[in-house]
Amino acid sequence: MDKKKTRYMSGFINYKTVSCRMTEYEDKIISEYCRRNNISKSLLLNSAAMYCINNRISVDELLNNTVNETNYDYKDMIGNDK
């Protein structure tokens, strides 16, 4: 059986592998959230993307929530590197 297909009662669903780039800080935040809520990163990111699309979240609103110089906790990252 093809690893990129999953069999459900109503048939097969094809999957595509996608990668994304993120900072170590973003990965840390997302990983901790996923561990606390027992959800995979893949499911979280897919669900978040579909939520934004379905609710017509603007690109400006999305970009305001990305890591940048105003919201990046450098002290937290420096502390974790030691």
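Helices (H or I, at least four residues) and strands (E, at least two) are DSSP runs, numbered from the N terminus. The model is predicted, so local features need pLDDT of at least 70 and side-chain atom pairs count only at pLDDT 80 or more, while totals for chains, interfaces and linings use all residues. Residues are numbered from 1 along each chain as its sequence is written, and side-chain values use heavy atoms, with hydrogens and water left out.

View 1. Of the 82 residues, 11% are buried, where buried means under 20% relative accessible area, exposed over 50%, and partly exposed in between (1.4 Å probe, protein chains only).

**View 2. Helix 1, residues 24-37.** From its first C-alpha to its last, helix 1, with 14 residues, reaches 20 Å, close to the 20 Å expected at 1.5 Å a residue; the expected span is 1.5 Å times one less than the number of residues. Its buried residues are Tyr 25, Ile 30, Ser 31 and Cys 34, and just after the helix Asn 38 has a positive phi of about 50°.

**View 3. Helix 2, residues 41-54.**

**View 4. Leu 45, a residue of helix 2.** Leu 45 is partly exposed, with a relative accessible area of 33%. Beyond its neighbours within four places in sequence, Leu 45 is in contact (heavy atoms within 4.5 Å) with Cys 20, Met 22 and Ile 30. The C-alpha atoms of Leu 45 and Ile 30 are 9.1 Å apart, although the two residues are separated by 15 residues in sequence.

**View 5. The largest pocket, with a volume of about 1100 Å³.** Of the 26 residues that line this pocket, the closest to its centre are Met 22, Ile 30, Leu 45, Ala 48 and Ala 49. On a 1 Å grid over the protein atoms alone, a pocket is an open set of points where a 1.4 Å probe fits, with protein on both sides within 12 Å along at least five of seven lines, and lining residues have an atom within 4 Å of a point. The volume is the space filled by probe spheres set on the points, which are joined across faces, edges and corners. Helix 1, helix 2 and helix 3 (59-63) each supply at least two lining residues, and helix 2 gives the most, with 7 residues.
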